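Hello,

Here is the structure you were going to look at. My notes on it follow below.

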Amino acid sequence: MSLLKRKKSETAESNGSGDAEAVAKPAKPGRMSQAKDLGVHHGTQAGIDVAGWVDSRVNATGIFTAMMSRHVPKGTNWFYTLGSATMFIFAMQAITGVFLSMYYTPSATQAYASITHLTNEVFMGEFVRGLHKWGASLMIILIFLHMARTFFFGAYKYPRELNWVIGVVLLILTTVMGLTGYLLPFDQRSFWATIVANNITASGPIVGPYLADFLRAGPDFSATTLSRFYALHMMVVPGLIAALIGAHLFFVVKLGTTAPPWVRAGRPKGSRPEEEVTAGVAKEDFDEVPVNGAVVAAAAAPPVDEADADAAEAEEVEAKEAEETEAAVAPEEPAQEAAEEAAADETAPEEPPADPADAPDEPGEGEVNQ
Ligand code: HEM
């Protein structure tokens, strides 16, 4: 019984024993004694109730199940973890970034001092800053490795082109995070490196000069440049990345992941209609399906309803083929009939139909089939 249903039935039970009693004894004691019977602490039971209530409103279990218990293709390997690894680093950057922002001052005169204070005096400051700094490089490396995996496994092809395009935008935004973050310590190195990067941007065709002006917040590199980089680094770009990761994952769950090329190469050509991918994974990929970490080898034999579905599909294909064959033969028959009839008409006088009711159904002198 779901938590919500249980709660409802408990309320009904307590109300069923009379109004006065219901007022004197609300639903709570019943639930608590039940929790006691199960050896569950009151606090834990309350937590479960709250979780059940939230779940019934947002369907978190459904979303979680779709994400975590989806079927993955046969041959899925460690290379498929690179996207999740990139996502993990992004989450780590967001968390460490929040802590760094508690001590950082985005001002041209105080930025460097605030970073020095954070590194040398704040508890674990150097560690958190180190995580954020190394995490930035690691995210760039992982994103390229993930992109290489999707490229070499042919995952950019139909129907996943849009996810590839979203990925390209994510790659650009991740490099923008690197560029905008590099200036923030505002030491000699970050200052001059950003000037060089900005000049390179300005040399770009058509939009280059405008983009460089936008980043600099004017024609000259100034204190406002730092504020602009800080706003982009703190809010605009991470917000866009988070939203795009959401869209990226939506497509991963909706379309399923691509089987490795060596698994696909083993299949006879055309045995994996792409429409089946919409179900999360093609049927042929069901051989070994890890569900929550366990490999369900039994899935190699399709379940009964799956087999039924296959049989129905085979019947449908047969019927379609038969129809097509008929259609290919059909036009010749009426033509032949019409010719025969025309020949008969020349020799024999026209006879009225035996049953007048049948008359309209008869293809009269080949007109119907012309
Ligand atoms: C912030 C950056 C990114 C994150 C967090 C991310 C995350 C993920 C995750 C978790 C998956 C599913 C598991 C996997 O295949 O690894 C995935 C799949 C995919 N990603 Fe990314 N990704 C990012 C960037 C990119 C980039 C730069 C590209 C390409 C330009 C890309 C293209 C794809 C494609 C095409 C798939 C589908 C893979 C398949 O069908 O097998 N992603 N991504």
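This is a predicted model. The peptide bond leading from Y158 to P159 is cis, with omega near 5 degrees.

Two other loops hold a residue with positive phi. I206, in the loop between α10 (188-202) and α11 (208-216), has a phi of about 55 degrees although it is not a glycine. I206 is exposed, with 7 other C-beta atoms within 10 Å. In the loop between α11 and α12 sits A217, also not a glycine, with a positive phi near 60 degrees. A217 is partly exposed and has 17 other C-beta atoms within 10 Å.

Last, helix α7, residues 111-120, in which A111, I115 and L118 are buried. These three lie on the same side of α7, because they cover an arc of only 60 degrees around the axis. The buried residues of α7 pack against α6, α8 and α12. A113, T116 and N120 are exposed, on the face of α7 turned away from the buried side.

Regards

Key:
Residues numbered from 1 in each chain as written. Predicted model: local features only at pLDDT ≥ 70, side-chain atom pairs only at ≥ 80, totals over all residues. Buried ≥ 20, exposed ≤ 12 C-beta atoms within 10 Å, placed from the backbone. Helix = DSSP H or I, 4+ residues; strand = E, 2+ residues; numbered from the N terminus. Arc of directions from axis to C-beta. Contact = placed C-beta atoms within 7 Å.
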